[in-house]
Amino acid sequence: MSQKYDITMKNIFSDMADDIMSYFLGLQYTKIDELNIEFERVERRDSDMIFKCTTDKGNVAVHIEFQSENDGKMPYRMLRYSLEIMEKHNLLPYQIVVYIGKDNVKMANSLSYDFGEQNTLDYKYRIINVGNIKYTDVVGTNYYDLYSLLPLMDQSRRKEEGAKYLERCVEAIKDIPLDINKKKDIAFKAEILSGIVYKREVIEKVFSEVVKMFRIEESETYKMIIEKGIEKGIEKGIEKGEKEKSIKIAKKLLEEGMDIDKIAKITELAKEEIKKLIN
């Protein structure tokens with residue numbers, strides 16, 4: 001996952017778990033518990049979600065990995081995850097990589113070798129390319145949490161229509177028959193994820209009306225990501241005296257559209273220094 005999105009991914013996708021397993025996987029389950037696994041031999045990232053699901057075929061551990069960039073070493077990492085899950089929880093892992101990147105998928109989804117009957121490996125997992133999912137396949141369903149992914153779907157149509165496609169996504173979110181607070185969260189997540197495939201000026205133009213209409217800054221997800229996630233990361237960096245960390249976070253806040261005065265207050269960087277980062 002691109003470092004740019006590390007802070008927000010867990011919060012963005014946490015509410016989508018049910019819809020992802022039902023829509024993408026067609027998984028029928030009667031119970032779901034999140035497994036807070038601290039991997040000892042594998043890097044643990046906030047984008048991972050692991051759930052214990054009780055299905056009609058028994059208990060499984062559903063491991064969902066979100067990826068915004070192609071990673072040639074993905075099969076090795078996924079295999080290490082699967083071994084950790086089996087060892088720690090004695091559960092069979094059902095693994096999926098949900099690819100939300102701008103480029104086409106170029107990652108393998110398997111590892112195998114054969115050195116004879118007693119030395120073989122045949123390991124596979126699913127890769128779901130969100131860009132291959134049609135806009136019309138989701139809009140009109142009741143998988144409303146997946147509407148946050150609309151800006152990343154339908155790659156061919158998105159490239160053909162450009163900003164008009166993003167406008168279409170925003171209109172679909174506005175028409176969701178849910179309460180205003182839920183729509184605020186979905187719209188905010190969609191705006192953040194749009195940054196993977198759209199330029200900032202396009203996003204700001206398309207989302208400007210919906211931001212005012214929904215008062216997105218009041219959404220729970222916005223507060224969690226901006227006020228808790230980012231500010232805690234900034235405070236930690238400042239305490240360690242890491243000016244470079246503060247600069248990096250200031251850049252992220254600028255990309256999110258936060259005003260310079262607030263960035264200066266949070267990072268304790270000079271306003272002039274922050275202005276230089278704009279270019």
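The structure is a predicted model, in which local features need pLDDT of at least 70 and side-chain atom pairs count only at pLDDT 80 or more, whereas totals for chains, interfaces and linings use all residues. Residues are numbered from 1 along each chain as its sequence is written, and side-chain values use heavy atoms, with hydrogens and water left out.

Histidine 63 belongs to strand β3 (residues 58-67); strands (E, at least two residues) and helices (H or I, at least four) are DSSP runs numbered from the N terminus. With a relative accessible area of 0%, histidine 63 is buried, a class that covers values under 20%, with exposed over 50% and partly exposed in between (1.4 Å probe, protein chains only). Residues up to four places away in sequence aside, histidine 63 touches Asp48, Met49, Ile50, Met78, Tyr81, Ile85, Tyr94, Gln95 and Ile96, contact meaning heavy atoms within 4.5 Å.

One of these neighbours, isoleucine 96, sits in strand β4 (residues 92-99) and is likewise buried, at 1% relative accessibility. Beyond the residues within four places in sequence, the contacts of isoleucine 96 include Leu25, Val62, His63, Ile64 and Met78. Between the C-alpha atoms of isoleucine 96 and methionine 78 the separation is 9.1 Å, the two residues being 18 apart along the chain.

Aspartate 71 is found between β3 and α3 (74-89). A polar atom of the aspartate 71 side chain lies 2.9 Å from the backbone nitrogen of lysine 73, and the side chain of aspartate 71 also makes a polar contact of 2.8 Å with that of arginine 77. Not counting residues up to four places away in sequence, aspartate 71 touches Arg77 and Met107.

Two helix pairs come next. The axes of α6 (residues 163-174) and α7 (residues 180-194) come within 10 Å and cross at roughly 165°; axes are lines fitted to C-alpha atoms, for helices over the stretch in contact, and angles run from 0 to 180 degrees between N-to-C directions. The two helices, α6 and α7, are therefore roughly antiparallel, as angles over 145 degrees are classed, while those under 35 count as roughly parallel, 65 to 115 as roughly perpendicular and the rest as oblique. Leu166, Ile173 and Lys174 in α6 meet Lys183, Ile186, Ala187, Ala190 and Ser194 in α7.

In the second pair, the axes of α11 (residues 260-267) and α12 (residues 271-278) come within 9 Å and cross at roughly 120°, which makes α11 oblique to α12. Residues Ile260, Asp261, Ile263, Ala264 and Thr267 of α11 meet Lys271, Ile274, Lys275 and Ile278 of α12.

Overall, the protein has 12 helices and seven strands, and buried residues make up 46% of its 279 residues. Of the contacts with a separation of 6 or more, 62% are between residues 24 or more positions apart.

Definitions and conventions:
A polar contact is a pair of N or O atoms within 3.5 Å; within protein, one must be able to donate a hydrogen and the other to accept it, and residues adjacent in sequence count only if both atoms are side-chain atoms.
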